[in-house]
Structure formats: structure tokens, C-alpha cells
Amino acid sequence: MSKAPLAAYPALRLRRLRQAEWIRRLVRETVLTPGDLIWSMVVHDGPEDEIAVASMPGAPRLSVKKAAEAAKRAARLGIPAIAVFPYIDGAKKDALGSSAADPDGLVSRAVRAMKDAAPEVGILCDVALDPFTDHGHDGLIQGGKIANDPTVERLVEQALVQAAAGCDILAPSDMMDGRIAALRTALERDGHQDVMIMSYAAKYASAFYGPYREAIGSGVLGSGPDANPTDKMTYQMDAGNTDEALREVAMDIAEGADMVMVKPGMPYLDIVRRVHEAFALPTFAFQVSGEYAMIMAAAANGWIAEDRAILESLQAFKRAGASGTLTYFAPRVAEMLG
Ligand code: PBG
């Protein structure tokens with residue numbers, strides 16, 4: 001805020017600067033561009049180009065071939081990066097999430113295909129076991145509890161496979177303690193010093209992940225209306241907390257995170273703002289599946305103006321201080337801004 005004293009009405013008429021689009025454009029503080037978007041995308045292993053996800057109309061699962069085409073589309077649209085999430089066949093899931101570290105698994109193949117198709121587009125991989133575990137948790141279960149340190153060991157194996165496949169940014173979304181240091185150490189040791197880490201530093205236990213669980217076929221914990229945020233509360237954050245978010249972020253930065261993320265997005269804009277102001281490092285937000293579904297559902301009912309609501313939701317992240325936003329709307333928004 002400027003320290004200049006404010007004129008008083010009528011000398012001060014704030015509406016003067018709102019009278020026409022040309023002046024509104026000149027004084028606009030936040031302008032959304034395609035460069036603010038990370039395209040969040042689910043891939044599958046089947047022959048079908050696309051498989052619709054009921055709770056996420058307009059954001060189907062894509063085949064590897066389609067994902068490669070999408071990477072080219074991202075390049076054309078000026079979208080800097082894609083975040084890829086796998087739908088894993090039930091038969092390939094087990095209690096240990098073993099297929100997470102398969103060098104020829106779906107994620108590796110998708111990353112290679114996308115990097116081949118559009119090397120100039122950054123690829124971000126989720127480091128987490130939940131798409132690969134039959135119980136749907138992000139960690140290994142021992143004695144009825146999510147076991148932190150054994151999970152971190154598995155995450156390191158998974159991340160090294162992703163890095164070897166060509167993933168540019170590792171984005172651990174598991175919320176285990178100590179994973180960033182373990183990942184960074186392993187990356188340096190194995191010659192992956194340029195691989196970036198964007199930690200899901202402040203990730204909350206949220207009902208807004210429901211549609212995602214349907215999209216990646218991780219419905220055992222409940223998807224859609226049955227997604228119960230309490231089932232991951234021993235590792236994801238409590239929605240009532242904000243100081244804790246700063247501690248999570250501080251810890252991840254100290255362990256070697258290059259960038260951090262806040263998730264979900266719109267219900268947690270206060271956290272985006274606080275993290276960005278406290279740490280002044282690239283801070284990202286994730287407009288998660290439930291946020292996508294809410295906008296699409298309201299629009300489908302004719303209750304809100306779809307395009308405008310989408311643009312306004314993404315502008316909010318930038319205004320709150322986010323460097324960029326992961327969103328299933330990325331290609332639509334880039335086209336609208338085009
Ligand atoms: C789990 C993970 C989740 C999402 C990304 N990674 C769900 C969860 O924690 O249960 C959610 C993404 C979305 O809802 O769009 N590792």
C-alpha cells in the first residue's frame with residue numbers, strides 16, 4: 001500500500017478507473033497468461049483414446065498416444081508443463097504399491113512419449129503410492145498404521161524411475177516426513193542434479209479429492225460423495241490449520257525443495273498468500289478435481305457462466321501470490337486466453 005494520503009470524495013472517485021475496458025485493462029494488477037498453467041492430466045494403459053470420467057466432464061483419462069498429442073497441444077498453447085497421474089489396472093495393485101517403481105510402467109511410458117513429442121514442455125510426476133496400492137493409501141501399512149520411513153524408501157525408488165524416464169519435476173504428494181531430503185539425496189547421488197522438486201508441502205485432508213479418486217481408480221477409500229477426508233488424516237493436514245502449513249513448507253525448503261505447492265486450491269487461498277509472503281519462493285496451487293467438478297456441475301445446470309467462472313477461479317490463484325496453478329482446465333483456459 002502506498003503511504004500517500006488519500007484524497008477525499010469527491011476528488012477521490014475510485015469508479016473513474018473502472019469506466020471503460022481500456023482503462024480497466026491498463027490498471028489491472030493481475031493478468032492471467034497460459035504461462036501460469038500446469039495441465040493436470042490422467043493417463044490410462046488401454047487402447048481407447050479417451051475414457052470419460054463421470055465426475056469430471058471434459059477431463060477424460062487419455063491413452064499414452066493421446067497424452068503425447070496433448071503434450072504437442074500444450075506446446076502450441078504456451079502451457080509450460082503437464083502433471084501426469086496414472087490410472088492403474090486393479091490387477092497391478094498390491095499392498096506395497098510394487099508397480100510404482102516399474103521402469104516400464106504406465107507413468108514411465110507416458111513421460112517418454114510426451115517428452116519425445118514435445119521436449120520443450122516440462123513434465124511433472126506425482127511421487128505417491130496411492131494409484132498403485134490396493135488399499136488406496138499413499139503409504140505402506142504396518143500394524144494398522146501408515147509407516148513413514150518404509151514409505152519414504154519406496155517413494156525414493158519410484159522417484160528415481162520417474163527421473164530416469166525423463167520427468168523434469170518430481171512432485172511428492174504423499175505427506176510423509178523426511179521425503180524431500182531422501183529424494184534430494186538420491187537424485188544427487190544418481191546424477192539427477194537438474195531434476196526439480198515441487199513438494200506438495202501443505203496438502204490438506206480434503207473432500208475435494210473425490211472425483212480424482214474415481215479418475216485414477218483409487219475408489220477403495222471412497223470416491224465422489226463417499227470420499228472421506230478423515231481417512232488420510234494421519235498424514236494429510238487438518239483443514240483448521242495455517243501455522244502448521246508454514247512449518248511444513250519450512251521443513252521441505254530446508255530439505256531441498258525447489259518449489260512448494262498448496263492443495264486444494266480455492267478453499268486454501270489464505271495459505272497460498274501466507275506461504276508466498278513468508279518464504280518468497282515459487283509457490284504453486286492445485287485446483288483439484290472437486291473444484292473442477294463444482295464449476296462444471298454448476299455450469300451444466302445453467303447456474304453460472306462457465307468460461308467466466310473458470311477464468312475468475314484461476315485469476316484468484318495468481319492474485320493470491322501463486323506462481324502457477326495445476327488445473328484440469330489448462331487447455332481450455334489457454335485457448336480462451338489465446
Ligand atoms: C494422492 C493425490 C491426490 C491428489 C493428487 N495426488 C488425492 C489424495 O490425496 O487422496 C488429488 C488431485 C485432485 O483431486 O485433483 N497422492
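Student: What makes residues such as Ser99, Phe132 and Gln162 part of the lining of the second largest cavity?

Tutor: Lining residues have an atom within 4 Å of a grid point. Ser99, Ala100, Asp102, Gly105, Leu106, Val107, Ser108, Phe132, Gln158, Val161 and Gln162 line this cavity. At least two lining residues each come from α3 (106–117) and α4 (148–165). One caution: this is a predicted model, where local features need pLDDT of at least 70 and side-chain atom pairs count only at pLDDT 80 or more, while totals for chains, interfaces and linings use all residues. Residues are numbered from 1 along each chain as its sequence is written, and side-chain values use heavy atoms, with hydrogens and water left out.

Student: Why is one space called a cavity and another a pocket?

Tutor: It's about getting out: on a 1 Å grid over the protein atoms alone, a cavity is a set of points where a 1.4 Å probe fits but cannot escape, whereas a pocket is an open set with protein on both sides within 12 Å along at least five of seven lines. By that rule there are five cavities of 30 Å³ or more.

Student: Which residues lie nearest the centre of the largest pocket?

Tutor: Trp39, Gly58, Pro60, Leu62 and Arg73 do, out of 19 lining residues. β1 (37–43), α2 (64–77) and α11 (330–337) each give two or more residues to that lining.

Student: His44 sits in the loop between β1 and β2 (50–51). Is it buried or exposed, and how do you know?

Tutor: Buried means under 20% relative accessible area, exposed over 50%, and partly exposed in between (1.4 Å probe, protein chains only). His44 comes out at 2%, so it counts as buried.

Student: What makes the pair of His44 and Glu48 a polar contact?

Tutor: A polar contact is a pair of N or O atoms within 3.5 Å; within protein, one must be able to donate a hydrogen and the other to accept it, and sequence neighbours count only if both atoms are side-chain atoms. A polar side-chain atom of His44 lies 2.8 Å from the backbone oxygen of Glu48, so the distance is inside the limit of 3.5 Å.

Note on methods:
Helix = DSSP H or I, 4+ residues; strand = E, 2+ residues; numbered from the N terminus. Points joined across faces, edges and corners; volume = space filled by probe spheres on them.
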